[in-house]
Amino acid sequence: MDRNGSFPANSADISFEPDAVAGVTVIVCSSCRDETGSDAHPRAGALLAEGTRRAASGEKINIRTVECLGNCKRRLSAALLRDGCWSYVFGDLETTSGADLVAGAKLFATSTDGLIPWRGRPDSLKRGLVARIPPLDLLKD
């Protein structure tokens, strides 16, 4: 954990591409366990991260991992972030949900209101929504 209470991202995951799809970043919890709670490696979260990277191949979407998103009761978790926009946390994902995360990232990238549109959103991102967090500049007090 770093000094601001966050778990540092894996430095190998950092993308420096200035034209990444509208600044969208997918963060995958690499330490998530599968539904059995197994400690086997690679963990289910690491498999989801790898599947997300494969699905994003050639898409210029930032894919990063973090050791824990603190959403353990909802198992495999990921977040979608975009500067100046709402951020999203999803749970109840599968190791095969990488393509859904990339599809959500593409929808987010084309959004004009800073929200991921409901229409066209993959089912796993509809039923797996844990939280939607506003950008700081939208807060009133």
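## Close-up views of a predicted model

**View 1. Strand 2 sits inside the structure.** Four of the five residues of strand 2 (residues 62-66) are buried, so this strand is largely enclosed by the rest of the structure. Buried means under 20% relative accessible area, exposed over 50% and partly exposed in between, with a 1.4 Å probe and protein chains only. Strands (E, at least two residues) and helices (H or I, at least four) are DSSP runs numbered from the N terminus. This is a predicted model, in which local features need pLDDT of at least 70, side-chain atom pairs count only at pLDDT 80 or more, and totals for chains, interfaces and linings use all residues. Residues are numbered from 1 along each chain as its sequence is written, and side-chain values use heavy atoms, leaving out hydrogens and water.

**View 2. Strand 1 pairs with strand 2.** The two run in the parallel sense over five bridges; strands pair if DSSP finds at least two bridges between them. Here, R64 in strand 2 is the bridge partner of I27.

**View 3. Ring pairs link Y88, F90 and F108 into a cluster.** Rings of Phe, Tyr and Trp (its six-membered ring) pair if their centres lie within 6.5 Å; planes under 30 degrees apart count as stacked, over 60 as edge-to-face and the rest as tilted. By this rule there are two aromatic pairs. Y88 and F90 have ring centres 6.1 Å apart and planes at 5°, so they are stacked. Y88 and F108 are edge-to-face, at 5.6 Å centre to centre and 90° between the planes. This second pair joins strand 4 to helix 2, 20 residues apart. F108 is buried, at 0% relative accessibility.
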